[in-house]
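Hi,

Here is the structure I promised to pass on.

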Amino acid sequence: MKVEVIKTGINGEGIAYIDHTPVFIPQVLVGEVVDIEIVDKQKRFMHGKLKRILKKSPKRVLPPCKIQARCGGCPLMIADYDAQLEAKQALLRQSLIKYAQIDPKLIRPIIGSEVQLGYRNQCKLPCAMVDRRLTTGMYMANSNYFEAVEYCAVHEQGLEQIRHKIVEVLNAHHLRAYDYHNKSGIRTVIIRGFDHAYQACIVSGEEPLSKECIADLMEIDGLVSLWQSYHTVKKTTDM
């Protein structure tokens, strides 16, 4: 089915219209004409899957992350930075006017960052078993497919080092991903950092981390605070 992408959605997906019904399509940009397959049809909206691009946007770029399309964490990475700012400005403007009744004249132009990669100082990544090892990654949108994240281009270097060292320690102590049946294992690793000092929270089932595991984690250079959060409710946020 041939459609034209009209605007950007709040999750970075493209939005086209079929008979006045919005169709949400990942991995497309405003102005592109694309061939799609409808994969979900609701009363007020639809979801489409990109089959091929018929007319490519001049703002489309090759993302600097090899798993960008599968991870889904950075949907606007397929556009050049000016186009990313335009999309974010439009979404912010729409929200301020619609929900806060802000006078449009008071909304100033967005200020871009001098650094587009390696800037993020926090992460919250779910865990899964890959090749019998505990791994952090992301679940593809609207699916149970887990994509291991070996390297994240938007994480700062220190955050990435801490993340990998934490996972190494958890594997050294033979910890596994969360099992909903026995309510044990690791669900999520949350890390926050500032000025080369990092705090980690291990979200898990009902089983506490061993004293030995805690001691090894606290030996990680730069990790200054460690927490464990027990979370066994299936359909709520971790924190």
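Predicted model: local features only at pLDDT ≥ 70, side-chain atom pairs only at ≥ 80, totals over all residues.

Residues are numbered from 1 along each chain as its sequence is written, and side-chain values use heavy atoms, with hydrogens and water left out.

**The chain as a whole**

The protein chain has four helices and 12 strands. Both are DSSP runs numbered from the N terminus: helices are H or I with at least four residues, strands are E with at least two. Along its principal axes, the C-alpha trace spans about 60 × 40 × 35 Å. Of the 239 residues, 40% count as buried, meaning under 20% relative accessible area with a 1.4 Å probe and protein chains only (exposed is over 50%, partly exposed lies in between).

**The six-stranded sheet**

Start with the open sheet, where six strands come in the order β9-β8-β7-β10-β11-β12 with mixed pairing. Two strands count as paired if DSSP finds at least two bridges between them. At the edges sit β9 (146–148) and β12 (223–230), each of which pairs on one side only. On average, neighbouring strands of this sheet are turned by 35° against each other, direction ignored; the axes behind that angle are lines fitted to C-alpha atoms (for helices, over the stretch in contact), and angles run from 0 to 180 degrees between N-to-C directions.

Strands β8 and β9 run antiparallel and are joined by three bridges, with Met138 partnered by Glu147 in β9. They form a hairpin with six residues between them, and Asn142 in the turn has a positive phi of about 55°.

Next, β7 (residues 122–130) and β8 (residues 133–139) are antiparallel, with four bridges; Ala128 has Thr135 in β8 as its bridge partner. This pair is a hairpin too, with two residues between the strands and a positive phi of about 55° at Asp131 in the turn.

Strand β10 (residues 186–194) is mostly covered, as seven of its nine residues are buried. Eight bridges then link β10 to β11, again antiparallel, with Val203 in β11 as the partner of Thr188. Their hairpin has two residues between the strands, and Asp195 there takes a positive phi near 55°.

The walk ends with β11 (residues 197–204) and β12, which run parallel and share seven bridges. Here Ala200 stands opposite Leu226 in β12.

**The cysteines**

How many disulfides does a search of the whole structure find? Zero, taking a disulfide as a pair of cysteine sulfur atoms within 2.5 Å. For Cys123, the nearest cysteine sulfur is that of Cys152, 8.0 Å away. Cys123 is buried, with a relative accessible area of 8%. For Cys127, the nearest is the sulfur of Cys123, 10.0 Å away. Cys127 is buried as well, with a relative accessible area of 6%.

**Pocket and cavity**

Both were searched for on a 1 Å grid over the protein atoms alone: a cavity is a set of points where a 1.4 Å probe fits but cannot get out, a pocket is an open set with protein on both sides within 12 Å along at least five of seven lines, and lining residues have an atom within 4 Å of a point. Grid points are joined across faces, edges and corners, and a volume is the space filled by probe spheres set on the points.

The largest pocket has a volume of about 880 Å³. Of its 25 lining residues, the closest to the centre are Ile25, Pro26, Met140, Ala141 and Asn142. Asn142 is also the residue with positive phi in the turn between β8 and β9. At least two lining residues each come from β4 (21–25), β5 (33–41), β6 (46–55), α1 (68–71) and β8.

The search also finds one cavity of 30 Å³ or more. The largest cavity has a volume of about 30 Å³, and its lining consists of Thr8, Gly12, Val28, Leu29, Val30, Pro75, Leu76 and Ile78.

Cheers
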